[in-house]
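Trainee: I have the sequence and the model open. Could we go through the backbone together?

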Amino acid sequence: MSSPTSPPTPTMFDIDQAAAALRAGTLVAFPTETVYGVGADATNDQAVAAIFAAKGRPRFNPLIVHVPNMAAARRIGVFTATAEKLAATFLPGPLSLVVTRTTGAGLSDLVSAGLDTVAIRIPDHPIAEALLRRVGRPVAAPSANRSGHVSTTTAAHVRDDLGDAVSIVLDAGPTACGLESTILDARRDPVVLLRPGAVTSEEIAAVIGYEPVRAGQPATAPTSPGQLASHYAPRAEIRINAMTVAPDEALLAFGPSPPPHDGPMVNLSPVGDTTQAAINLFAALRALDAKGVSVIAVMPIPETGLGEAINDRLRRAAAPRGRF
Ligand code: TXA
Ligand code: MG
């Protein structure tokens with residue numbers, strides 16, 4: 001966790017420096033409303049390649065491109081009527097839209113890992129917005145963690161995972177949502193849910209009239225490697241839907257009546273609120289992992305609201321490792 005006092009707020013000077021660093025081709029970590037991102041100039045092949053190296057990320061896993069507004073978004077992607085409607089409601093905000101790439105927009109091919117699509121996101125965060133406006137180029141930014149590891153919700157997590165691979169970390173304290181953006185393939189109707197996230201399926205249905213179709217099980221070359229079976233994982237083994245906890249396990253609890261436990265424990269939400277649980281999830285997994293236990297037992301979490309995205313991350317964290 002970051003310091004208990006109020007977090008440092010980057011100044012305009014810091015943001016200008018970070019924008020210059022991005023334009024010069026180095027990596028900069030920055031806060032968004034979901035998780036911290038590690039950004040690179042999306043038009044610079046070498047800078048984008050440096051992201052894959054810093055994260056240890058497979059090259060077939062494409063990156064989300066961040067822009068400050070819809071004018072910039074429409075320069076790099078083709079928005080259908082449904083995509084426009086979703087954007088008008090949810091952007092800026094924690095929804096990434098996969099659309100067809102426009103030709104000649106100057107994006108590095110590495111960004112899309114050879115696909116003819118691009119995932120576009122307009123973060124709802126004043127520091128991210130100011131940074132993106134100053135860079136003046138699209139910024140490719142995956143979550144700022146080692147590939148396959150838990151996403152980062154504080155600047156300290158970013159330094160723990162990526163160290164000196166990033167030139168600057170803009171620290172604006174813990175992120176507001178705690179979970180990554182929802183990713184929708186919005187190229188055609190019906191839209192397809194590639195990754196559940198901070199915008200719920202219910203909220204999307206309220207705008208387009210139906211819940212997005214769930215993407216199928218991951219194949220060997222997934223359309224969204226956020227669908228990779230083992231992902232978002234701490235070092236410890238994860239045991240989901242645990243009703244009891246062994247003395248040598250850590251407990252990730254939810255709700256007002258966790259089983260009694262003398263070992264390491266974090267309660268994601270003593271009042272049983274999935275939004276609060278989402279905010280705490282990744283920091284809790286990191287904190288319990290740091291205790292050196294070999295198993296983290298996780299109590300059942302309801303599938304409602306942000307529960308869908310939380311359970312998606314927990315199932316991936318519990319999946320056998322070493323499989324993409
Ligand atoms: O909240 C977020 O989305 C954070 C912040 C930093 O913006 N970013 C994030 O990026 O979570 P990342 O790279 O960790 O996850 C992006 C996911 C990956 O699973 C990737 O496969 C998928 O988006 N993706 C990116 N481009 C895609 C595309 N063209 N088609 C399908 N999936 C894509
Ligand atoms: Mg990620």
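Trainee: How many bridges join strand 9 to strand 10, and do they run parallel or antiparallel?

Mentor: First, the ground rules: this is a predicted model, where local features need pLDDT of at least 70, side-chain atom pairs count only at pLDDT 80 or more, and totals for chains, interfaces and linings use all residues. Residues are numbered from 1 along each chain as its sequence is written, chains are lettered from A and ligands numbered from 1 in the order in which they are written, and side-chain values use heavy atoms, with hydrogens and water left out. Strands (E, at least two residues) and helices (H or I, at least four) are DSSP runs, numbered from the N terminus, and two strands pair if DSSP finds at least two bridges between them. For strand 9 and strand 10, the count is three bridges, and the sense is antiparallel.

Trainee: Through how many residues does the hairpin join strand 9 to strand 10?

Mentor: Strand 9 covers 182-185 and strand 10 covers 192-195. Leu184 has Leu193 of strand 10 as its bridge partner. The hairpin between the two strands runs through six residues.

Trainee: What is omega for the cis bond between Leu91 and Pro92?

Mentor: Pro92 sits in the loop between helix 4 (81-90) and strand 5 (95-101). A cis peptide bond links Leu91 to Pro92. Its omega is about 0°.

Trainee: Which residue of strand 6 stands opposite Leu97?

Mentor: Strand 5 and strand 6 are antiparallel partners, with four bridges. Strand 6 covers 117-121. Leu97 faces a residue in strand 6, namely Ile120.

Trainee: Is strand 6 mostly covered or uncovered?

Mentor: Buried means under 20% relative accessible area, exposed over 50%, and partly exposed in between, using a 1.4 Å probe and protein chains only. Thr117, Ala119 and Arg121 point one way from strand 6, Val118 and Ile120 the other way, and all are buried. That is five of its five residues, and strand 6 is mostly covered.

Trainee: Which residue in strand 6 is the bridge partner of Ile64?

Mentor: Strand 3 (residues 64-66) runs parallel to strand 6. Three bridges join these two strands. The partner of Ile64 is Ala119.

Trainee: Why does Ala113 count as partly exposed?

Mentor: Ala113 lies in the loop between strand 5 and strand 6. Most residues other than glycine have a negative phi. Ala113 has a positive one, about 50°. It counts as partly exposed because its relative accessibility is 25%.

Trainee: What is the relative accessibility of Asn241?

Mentor: Asn241 is in the loop between strand 12 (237-239) and strand 13 (250-253). Its phi is also positive, near 50°. Asn241 counts as partly exposed, at a relative accessibility of 48%.

Trainee: Is helix 1 parallel or oblique to helix 5?

Mentor: Helix 1 (residues 12-23) and helix 5 (residues 126-135) pack with their axes 9 Å apart, at about 50°. Axes are lines fitted to C-alpha atoms, for helices over the stretch in contact (heavy atoms within 4.5 Å), and angles run from 0 to 180 degrees between N-to-C directions. Under 35 degrees is roughly parallel, over 145 roughly antiparallel, 65 to 115 roughly perpendicular, and the rest oblique. So helix 1 is, relative to helix 5, oblique.
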